[in-house]
Amino acid sequence: MALYKNGNLLEHSDHAAFDEKHKPGTVVANSGIYRCIHCGDEIAANKNNPLPPQNHHQHPNHQPIMWQLLVCAIQKK
């Protein structure tokens, strides 16, 4: 589970990007923290870069690895 200290620096969002599930190796459109929906493993990923490959980690019950955006990093221009 992702941790934070200053909740006032986070903003709630219902954006559809948080609902999408991504397979290993998918190039992501948003920088941020992604969480495996089956085991809770979390990784940081950068916009336009791929998520970790299938062999990044394995589940003992052979469930597929599926990543979901947990926290989106907003870059100021």
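This is a predicted model: local features need pLDDT of at least 70, side-chain atom pairs count only at pLDDT 80 or more; totals for chains, interfaces and linings use all residues.

Trainee: Where does Q68 lie?

Mentor: Strands are DSSP runs of E, at least two residues, numbered from the N terminus. Q68 sits in strand β4, residues 67-72.

Trainee: Why is Q68 called partly exposed?

Mentor: Buried means under 20% relative accessible area, exposed over 50%, and partly exposed in between (1.4 Å probe, protein chains only). Q68 is partly exposed because its relative accessible area is 22%.

Trainee: Which residues does Q68 touch?

Mentor: Contact means heavy atoms within 4.5 Å. Leaving out residues up to four places away in sequence, Q68 touches F18, D19, E20, K21, I33, Y34, R35 and I37. The C-alpha atoms of Q68 and I37 are 6.6 Å apart, though 31 residues separate them along the chain. As for F18, its backbone oxygen lies 2.8 Å from a polar atom of the Q68 side chain.

Trainee: And which residues line the second largest pocket?

Mentor: A pocket is an open set of points on a 1 Å grid over the protein atoms alone, where a 1.4 Å probe fits, with protein on both sides within 12 Å along at least five of seven lines; lining residues have an atom within 4 Å of a point. A29, N30, S31, K47, C72, A73, I74, Q75 and K77 line the second largest pocket. For the largest pocket, the residues closest to its centre, of the 18 in its lining, are L10, E11, F18, V71 and C72.

Methods: Residues are numbered from 1 along each chain as its sequence is written. Side-chain values use heavy atoms; hydrogens and water are left out. Helices (H or I, at least four residues) and strands (E, at least two) are DSSP runs, numbered from the N terminus. A polar contact is a pair of N or O atoms within 3.5 Å; within protein, one must be able to donate a hydrogen and the other to accept it, and residues adjacent in sequence count only if both atoms are side-chain atoms.
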